[in-house]
Amino acid sequence: MADPALGARFLKAKRALFDKKYSRLNKEQREAIYCIHGPLLILAGAGSGKTTVLVHRVTHIVRYGNAYASERIPEDITEQTVETLEKALSFPPEALDGILSAFAEDACPPWAVLCFTFTNKAANEMKERLSATLGEQSADDIHAGTFHSVCLRILRREGERVGLRSGFTIYDTDDTKRLLRDCLAALNIDEKLLSIKTVQNAVSRAKEQLLTVEDYDAEAGGDYKLQMAAKVYREYQKRLLENNAVDFDDIICKTVELLQNHEQVRSYYQHRYKYVCVDEYQDTNHAQFVLISLLSGHYHNVMVIGDDDQSIYAFRGATIENILGFDRMFRDTHTIKLEQNYRSTGNILGAANSVIARNVGRHRKRLWTEQGDGEKVLVKKLETQNLEARYIADEILRASAGGKRPLSDFAVLYRTNAQSQALESAFTRSGLAYRVLSGTRFYDRKEIKDVIAYLCLINNPADNVRLKRVVNEPKRGIGNTSLAAVEQIAQAEGVSMFAVMENASKYIALSRVAPNLAGFVTLIHSLAKLSTNVSLPELFRETIEQSGYHAMLEAGGEAERDRLENVDELISTAVEYEQNNPEATLAGFLEEVALVSDVDQYDRDADAVVMMTIHSAKGLEFPVVFMPGMEDGLFPGHRSMNDASEMEEERRLAYVAITRAKQKLIMTHARERLMFGSTSYNPPSCFIGEIDERYLERAEEPTARQRTDFYTRSAGSTGRTELQRDVFRPRTAPKELFSIGDRVVHASFGAGTVLSVKDMGGDTLYEVAFDTVGTKKMMATYARLRKE
DNA sequence: CACGCTCTGCCTGCG
DNA sequence: GCAGAGCGTG
């Protein structure tokens, strides 16, 4: 037996070495990494290095297992070994890996670690960072993915046990809507009584709560509306089954059902995954919580990380109670709070803290920083939304002029997508390069969904929802009446609509449209045949050609040009997919498309101001952040203002927005604003009032007359007053006139050549071909061009 | 069956 | 203020 004093020195040296390895992290972060057994809740405030902790912890588990906490002392330990270890303490952290690996104990194989994320983007980021620390080989074995992709993988293997037939398709929210519309029609329910949106939400909430049709029916009780919703839910599930389809919620709750009811399957996965990690835990719903509990049911090594203060998705079913009550749901939970912020200045954090402190339902946290106070948060009142937009554009031009800051330093974060309109036009006029992260995602575009629907049909002709979507797109003379007849026969005979169409001539009811139906059937047959022997891009091209979809868009001329481009873009994604997957199949492509619906829009390298909703900004950070529309009725939204829990969610949203800013935050509000076509006069947001004044700087406002003056006269009109000049004065030389062919320089676009010059209402519109950023149009007053 | 007119309702949105 | 859906007519 070794000398106890020597053993103690060994343990001390070992732990000191680990601390040294992670010396760039703070104490709480290190604690999170070392704590690998049992339930762990990490409350990670905004900007507290959440991802770093997550990645390091997984890496640590795989490399060293329980090495840090272990009390084990090697039998053969000698004075000399301990001395070597103690000496190693002076090594740089990077040089310690070799020594530390000798301490490894119960290191976990990578394939036994499961990490859940919410978005594909987060999953990819995690995989990338794990590759960087662990090496590609091990990182690839770690199962990191979205809830949906992980569950789908399980369902593809075991789905038959919960009533899914192999090759089932996935319906997105739009397909779901279409199917629900059919259900309402079949049940003779007026959409005015029970809107599609309402049932869609009801069904989705029900599934997130793991309520079956029977449960829901029972809960409806005497409530007529709920009873109707229950009927629709029942019909909807029946039809999903007929179409061999699942919706997004089914992917989760069918997996839960599978694990709950099939001991063998449950046991397999429980033993397979030794460690379960969940990112953004505040966004999980009840079904996901149950899933996590089931999967971690054997080893109980479940770690969740998140920030209750950033829970902003209650409206889509997330239950903040999951993170608030984690320690009650999992016995012997260890909780760690990460409160040191590495992102923002003191004033910005002060503002964030004072707003969020008003919420009642939260874990108490207070962000702090070692950085200085920085600049105060600027609050600026403007007269109208257009002036607000111009103010922002002007401030950005000023702050970026002469390359002081790249445009990518600036972000404009707003509550609603509609707010981007005014901003965009102001930015265009100022010649500011900008990017809008819009609400409609690539795969949500109508033209893309149409082409995909054709492809789904080739892959699975039983898919009635997709069939109905494209059967008359472009027009083929197959209207609703004929379609209804087809559907009725299909229902009566218990076959798919496509099967009825294949034999259309057999049915008297269809005699009139039979030739049209036959044309469509021939199209799908011929494409299906093609799909077996040509490449995916080739198949896509043939699909849009033969279906007449391409011709239809071309006939649309200028108006449809974007759509045409998007369709071409889809073909490019097929090319890419084939390059990445040697065994590319149509079914595989469609599956990926169903779950990967965001082509990551945000490119942080592009030199452009970025604008987006606060929701989409979660997880991002920017040196300078503008928050326009800080008005009661807009933010917080008028629907939330008389509901305490909704107000708390809006407040968390404000907290998310504020904590995106690293150095400078500017909040603006407009006295009058166009909402739904009419003018509203909104008071400044109550959230501004909740910020302690010592963190604020209120910009003084020009008088009403002066402002109106500026607004009513268009930029550069002959009647410009001194004041207007003062507000929007060009920062470079006074307006100079250029002609075609002149070489000019723009503050943010660099050098270029003037292509055209056009007089426009006293101002001049230049079209300039820049050497590096392409051709742009801009008004002289705002472009501030200089001679090269 | 297709087109055009009127009516409604509208925040945020991952898979 | 605008888009999508419902409805009536050619």
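**Strands and DNA contacts in a predicted model**

Modeller: Strand β2 (residues 113–117) runs parallel to β6, and the two are paired over 4 bridges. Strands pair here if DSSP finds at least two bridges between them. This is a predicted model, in which local features need pLDDT of at least 70 and side-chain atom pairs count only at pLDDT 80 or more, while totals for chains, interfaces and linings use all residues. Residues are numbered from 1 along each chain as its sequence is written, chains are lettered from A and ligands numbered from 1 in the order in which they are written, and side-chain values use heavy atoms, with hydrogens and water left out.

Biologist: Which residue of β6 is the bridge partner of V113?

Modeller: Y275 is that partner. Helices (H or I, at least four residues) and strands (E, at least two) are DSSP runs, numbered from the N terminus. β6 also pairs in the parallel sense with strand β7 (residues 302–306), over 3 bridges, and there C277 has M303 as its bridge partner. Between β6 and β7 the chain passes through helix α15 (residues 286–295), and this β-α-β crossover is right-handed. Right-handed means that, with the strands pointing away from the viewer, the path from the first strand over the helix to the second runs clockwise.

Biologist: Which way do the residues of β6 point?

Modeller: In a regular strand the side chains alternate between the two faces of the sheet. In β6 (residues 275–278), Y275 and C277 point one way, V276 and V278 the other, and all are buried. Buried means under 20% relative accessible area (1.4 Å probe, protein chains only).

Biologist: How many residues surround DNA strand B?

Modeller: A residue is near a strand if one of its heavy atoms lies within 4 Å of it. For DNA strand B there are 33 such residues, the closest being T119, N120, R415, T481 and S482. Of the atoms of DNA strand B within 4 Å of the protein, 54% belong to sugar and phosphate. Helix α23 (480–493) is one of the elements supplying at least two residues, and α23 gives the most, with 3 residues.

Biologist: Which backbone atoms lie by a phosphate oxygen of DNA strand B?

Modeller: A polar contact is a pair of N or O atoms within 3.5 Å. A backbone N or O atom of G479 is 2.8 Å from a phosphate oxygen, and one of G477 is 3.3 Å from a phosphate oxygen. From R441, a side-chain N or O atom lies 3.3 Å from a phosphate oxygen of DNA strand B.

Biologist: What residues are around DNA strand C?

Modeller: They are E191, F676 and G677. A polar backbone atom of F676 is 3.4 Å from a base oxygen of DNA strand C.

Note on methods: Polar contact = N/O pair within 3.5 Å; in protein donor to acceptor, adjacent residues only side chain to side chain. Buried < 20%, exposed > 50% of the residue type's maximum accessible area, 1.4 Å probe, protein only.
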